[in-house]
Amino acid sequence: MSLPSVEPRLPSWWLEDALAREGNPEPALALSGIATADVAIVGGGYTGLWTALALRERQPDLRITLFEAEICGHGPSGRNGGFVHGYWASLESILPVLGEERALELAQAGEQIIPGIRAWAEARGEDVWLREAGMLEVSAAPAQDGGVEKVAAAAAQLGREDQAVALTPDEVAQRISSPVFRAGVFFPECATVHPGLLVRALRRAVLDAGVTLHEETPVTGVRAGSPNELQTPGGILRAPEVVLATNAALTGWSPAARNLTNFGSYVVLTEPAPDRLAEIGWTGGEAIVDGRMFLHYFRTTNDGRVLMGSGSGPIGFGGRLDDRFSRDGPTAVRAEAGLRRLLPGLADVRVERAWGGPIDVSADHLPFFRTNPETRIHYGAGYSGHGVGPAWLGGRILASLALGADDEWTRSPLATRHVPRLPPEPLRRAGGGLVRWAIMACEEAEEAGRRPGLVAKTAAAVPRLLGMELGTR
């Protein structure tokens with residue numbers, strides 16, 4: 001394995017850029033002493049911030065306190081790829097999980113996300129680099145052709161061909177030229193954002209709404225009761241309603257642990273190269289994914305950079321979050337190799353930054369939102385690498401759960417479906433590691449024009465045989 005051009009490190013370029021534009025403000029004061037609130041939210045990323053804003057919109061007199069262990073944007077909300085969409089692009093995988101009626105319900109709910117973010121940003125005068133240019137899924141190897149065809153067929157099955165438009169190789173080339181791209185599908189329901197600008201804009205909105213924010217305040221314990229009690233290094237907060245919105249960190253929390261595991265996801269970011277983008281015809285701003293299971297996801301930025309991501313990072317063990325999720329050189333190498341293979345027209349464009357972090361993956365690849373039985377502790381997790389848009393939904397669902405509402409949000413498939421359980425540790429780590437190796441081996445062989453080995457092909461099919469979406473080929 002070769003070395004990456006640059007070693008992965010945090011914070012991400014997104015967060016550094018957003019903080020610099022903001023004048024690098026001091027963190028909000030940590031909690032000190034004993035305090036009370038009506039609702040306590042743990043987690044200062046997209047989910048927690050959207051939840052706070054949804055609560056404030058519905059009940060302006062609520063006393064809301066939000067805790068963030070670092071600063072808002074330090075977690076996945078400040079380091080992701082910035083793809084904003086709902087579930088039309090995921091329809092082929094969610095149909096077997098939800099069935100036609102509920103899959104259609106979820107996809108239609110997701111259509112509210114981009115207009116909702118646009119209206120919110122415009123109302124506040126926030127520039128979050130929102131660009132509504134759709135998304136391409138491209139086949140980058142013969143073995144990926146069938147998957148692309150299935151994606152288009154799933155939308156046609158529900159009579160919504162307009163949401164997944166099949167493209168010929170020539171039609172793909174009109175949007176972006178690459179010698180390895182074959183057929184594709186265009187999803188009009190997708191936008192891109194600057195993740196750092198979005199999360200920091202949400203932070204400002206929460207403060208303007210009168211939410212009490214404590215940064216650099218990790219919650220070290222939650223005791224269920226009436227009220228619930230949250231412990232921090234400097235104090236205690238008591239609140240009748242608690243929302244846990246910490247994503248990958250919930251993998252180590254027992255009520256959610258059997259439904260979640262963690263994978264590493266890494267990206268590389270190039271220097272600005274707008275002339276090269278013009279040469280390959282990628283000037284429309286489309287977000288792009290390939291047909292892999294551990295897919296490559298890539299997009300351009302307003303200043304002509306290219307971000308290339310790879311979801312092939314290490315698998316977690318028992319909810320432990322360590323340096324493997326932020327300093328794994330081999331995964332950064334795979335992301336850069338994807339850039340060079342998929343976009344050879346950018347072969348000499350320099351990679352400037354690389355970073356990574358854990359993503360919380362559910363067994364069916366859909367997030368879930370719940371209230372822990374016999375408590376008023378609500379939580380959401382399992383975005384599976386697709387959280388920028390669905391966090392907007394998640395904030396509304398969690399707000400409704402905290403308010404005890406019976407509405408469209410609490411009746412969402414994300415709040416009511418049965419979530420499959422993953423095997424216990426150490427079987428989860430061992431089995432997940434085997435499947436990860438097998439899928440990567442199959443995909444590397446297919447892209448090189450070789451037939452995958454029998455052992456790898458058999459192991460890659462294990463999740464499907466167990467009725468799980470995780471790792472399905």
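User: Which strands form the open sheet, and in what order?
Analyst: This is a predicted model. Six strands form the sheet, running E9-E3-E2-E13-E20-E19. The pairing is mixed.

User: Which strands stand at the edges?
Analyst: Strand E9 (212-214) and strand E19 (368-371). Each has a single partner strand, so one side of each has no neighbour in the sheet.

User: How are neighbouring strands turned against each other?
Analyst: By 15° on average, with direction ignored.

User: Take E2 and E3. In what sense do they pair, and over how many bridges?
Analyst: E2 (residues 39-42) and E3 (residues 64-67) pair in the parallel sense. There are four bridges.

User: What stands opposite Ala40?
Analyst: Thr65, in E3.

User: Now helices. Which strands does H2 touch?
Analyst: H2 (residues 46-58) packs on the sheet and touches E2, E3 and E13 (241-244). The direction of H2 makes about 175° with that of E3.

User: And H11, what does that touch?
Analyst: H11 (residues 390-403) also packs on the sheet. Its contacts are E13, E19 and E20 (377-381). The direction of H11 makes about 10° with that of E19.

User: Switching to the surface. Which residues form the nonpolar patch?
Analyst: Leu434, Trp437 and Val455. Together they have about 320 Å² of accessible area.

User: Where does Trp437 lie?
Analyst: In helix H13, residues 427-447.

User: Why does Trp437 count as partly exposed?
Analyst: Because its relative accessibility is 43%. Buried means under 20% and exposed means over 50%, so a value in between is partly exposed.

Methods: Residues numbered from 1 in each chain as written. Predicted model: local features only at pLDDT ≥ 70, side-chain atom pairs only at ≥ 80, totals over all residues. Heavy atoms only, no water. Patch = residues over 30% accessible without salt bridge, like charges linked within 9 Å, V, L, I, M, F, W, Y side chains within 5 Å. Areas by Shrake-Rupley, 256 points an atom, 1.4 Å probe, with all protein chains shown as cover. Salt bridge = Lys/Arg side-chain N within 4 Å of Asp/Glu carboxyl O. Helix = DSSP H or I, 4+ residues; strand = E, 2+ residues; numbered from the N terminus. Buried < 20%, exposed > 50% of the residue type's maximum accessible area, 1.4 Å probe, protein only. Pairing = 2+ DSSP bridges. Axes fitted to C-alpha atoms, helices over the stretch in contact; angles between N-to-C directions. Contact = heavy atoms within 4.5 Å.
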